[in-house]
Amino acid sequence: MACMSVLTRDEAQNRAQLLDVHRYTIELDLTTGDETFDSRTLIRFGARADADTFVEIKPAELRYVTLDGQPLDPGGLDGNRLPLRNLTAGEHELRVEASMRYSRTGEGMHRFTDPTDGETYVYTQLFLDDVQRVFAAFDQPDLKAVFDLAVTAPEGWSVLANGVTEHTGGGVWRAAPTPLVSTYLVAVAAGPWHSVRTEHRGLPFGIHCRRSLAPYLDADAEELLDITRACFDRYHEKFEEPYPFDSYDQAFVPEFNAGAMENPGLVTFRDEFVYRSAVTDTERQTRAMVIAHEMAHMWFGDLVTLRWWDDIWLNESFAEYMGYQTLTEATRFTDTWTDFGVSRKAWGYDADQRPSTHPVAPGNVPDTASALLNFDGISYAKGASALRQLVAWLGEKDFLAGINTHFKRHRFANATLADFIDSLAAATERDVHAWADAWLRTTGVDTLTASVDSRPGQWTLALGRDGDRPHRVTVGVYDRDLHDGRTLLLRERYETDVSQDTAPEPRTGTRPALVVPNDLDLTYAKIRLDDTSLETVLRGLSGIPDALTRAVVWNALRDMVRDGELAPTDYLATAAAHLPEETDLALVQGVLAFASVHIADRYLVPGRRPAALATLTGLCRDLIRRTEDGDNPGLRLIAVRHRIDTAAHPDAIAAWLADGTVPGGPELDPELRWRILARLAVLGDCDEAAIAAELERDPSATGQEGAARCRAALPDEDAKARAWDALFGSDDLSNYLFTATARGFWQPEQADLVRPYVARYYKDAVALAERRGPAIAEAVGRWAFPAHAVDAEHLKLGEKCLRKADPTPALRRRLVDQLDDLARALRVQQA
């Protein structure tokens, strides 16, 4: 296989100075077989000088190329680059005809056949540099152009694209030409879609899914469309620039690698968001937030696009912040920042404390391979947190004024961080440039440490700061309720700026029982409570009145465990004491997930794991008993899921599976049935016959994934050998089946059985990532990593791999992060 070249920043800058790309006319033929499709591209562009350049394409076969009517040798293709030599100044036409491969990894043009009904679907995912898997292109974000697309599809299919599509006969669908957009934002989704269409403010709106999911989409259609309309209207209240495209379609597509992709006019989502089984209201809120997030991209990312990938935060941080904020303002989901605090923000804190950390706005991203590594908790959660802090410091009015200036200055064009900051600075007298240097050009998490001094009638809070950023925080001051001794009453909240010159501020009154820095979670920093406040929360956390404050406190406890300052067993004891009283589902889910995945599976030595699982099982039983009256089905569902996952013995959950229900509800839907079967497989109370019977009951794509996970989880040498061969010995597994198999393979209960595979992992993972590319490299580093093996020998193996094996950039980044987490787990165990 010819070596594929990644685009460097210097190459992109040189090509942008040389070329002005006007229009792509693209014809795709999806009727040529199961393995490949035909792609014909006409690119009209201008050159500003005589020069050599290149166009990108990754074909199965490059058949025909002409430049200004003169044939070029297809044999000149070098990897993914077709040279255009001796280009003269002036206007040009490049024609490229090729056969292109369908993808099974969610990259390029992904092809999926639904096992439920045999129907086939294809869709594009062209981010970051995968447009060249579908058609020839000058593949960089600052060479925007008009895209004119036609697709030939099998009979019975419909075709979705960035613009309104029309079936013109003979299986040919034509999409309305786009405005100026970047290559990575072009989108096609074709198949026998089930569609629900409507109109809003004069624009066509649609939601689409596989036919086998039609009943589930229909059940939620009004909710999905209501959220879409509400966010659309709210953005038009915030933004002076109207929605810039001709329609708004949302397609829920199979085996999608990301949560969603902001293709203008055709947002694609992973179709797990079409719920086949019961979900909590927090999960519905997450789906709604993704809708709001992707819609924000229509302005920030699609209308105004980054010039190069070092400014990816301008896309993702803005959409992340705006998604949560707009959902809070425009829908019934008014507590979204609690979920952000307990789930997304923790993702940012963790990423920012690893060796792979980077600034929100990194100074130099040398090439596209490096850029792909920055889609992490820093670009999303930390960046969104920084913007939330900016709004607190700047004020929302000035913030939105700056945003609207930015849209006006750069509509349908490209912009940089400097452009963005200049737009904000035009709306305020504050020194936004200094703020950007402190917040966006630096790495790491500041720590705010509270110290409280009291004297008769007066107390003083001093906030020590480990770090250099200025912070505007809200301090929450709480007293014990003298009537019940457990409830904490808010005495006051006040704002304060934490900087180099901040002096302790005396407050009148008695010493509070609890002082919470960053009470409303408006800044991005770890906090450490004073000793009295820490004792108060360990004994009375459930008495804090506001869920967002509780999220801040739970995050503080989580950080203390990770930093070796709070025993993992103390965290478990706090969870057992206070979660039974918790009312916020996001908090229950977040605390249980950390307690099980991190504490029970990694932070405790193996001999203490059974006791931790027993604690979690008892906690889940308490939550199940609390919800017997049916008033809180979401809380009950979370408790049932975690009761299954923490089961140390099969009897109870096996009885649930046999009965088809949990006593008192819920009845077992497909998700719960596969969840129980997977745990039974781990515990050795399941066999191939039981898996096959369940797969016959649920032959869907999700069922196929459930069966793959169960088979890989069986505590049997032959089962492990078959799973390993499927993962690493062949390239047949799709991205989703690979992930399902990997998730089943490693189990803490089976450490002795899988120990020989720990050493094999590194050699096999490096080879697989090299063969199958970034999406599988991400999966092999995330899901197939032996995270349960927390020991010094494993750490040495991993460090040796990084030194000597030369893994691909995507796998290297994942291994760096995993090994840092492994080293942290070892430190926590030793503490």
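Predicted model: local features only at pLDDT ≥ 70, side-chain atom pairs only at ≥ 80, totals over all residues.
A residue is called buried when its relative accessible area is under 20%.

Let me begin with F340. Its relative accessibility is 2%, so F340 counts as buried. Y324, at 3% relative accessibility, is likewise classed as buried. The ring centres of Y324 and F340 lie 5.0 Å apart and their planes meet at 70°, so this is an edge-to-face pair. Y324 belongs to helix α4 (residues 312–330) and F340 to helix α5 (residues 336–352); the pair thus links distant parts of the chain, 16 residues apart.

I turn now to the structure as a whole, where a search finds 51 aromatic pairs. One of them joins Y243 and W299, again edge-to-face, with 6.1 Å from centre to centre and 65° between the planes. Y243 sits in the loop between α2 (214–238) and β17 (248–253), and W299 in the loop between α3 (281–297) and β20 (304–306), so the pair ties together parts 56 residues apart in sequence. As for burial, Y243 has a relative accessible area of 8% and is buried. W299 is buried too, with a value of 0%.

Aromatic rings also meet charged side chains here. R111 lies over the face of Y102, 4.9 Å from the ring centre. R507 is placed over the face of Y494, at 3.7 Å from the ring centre.

Finally, consider helix α26, which covers residues 809–830 and has 22 residues. From first C-alpha to last it reaches 32 Å, close to the 32 Å expected at 1.5 Å a residue. How many of its 22 residues are buried? The count is 16, so α26 is largely enclosed by the rest of the structure.

Definitions and conventions
Residues numbered from 1 in each chain as written. Heavy atoms only, no water. Helix = DSSP H or I, 4+ residues; strand = E, 2+ residues; numbered from the N terminus. Expected span 1.5 Å × (residues − 1). Buried < 20%, exposed > 50% of the residue type's maximum accessible area, 1.4 Å probe, protein only. Phe/Tyr/Trp six-rings, centres within 6.5 Å; stacked < 30°, edge-to-face > 60°. Lys NZ or Arg CZ within 6 Å of the ring centre and 35° of its normal.
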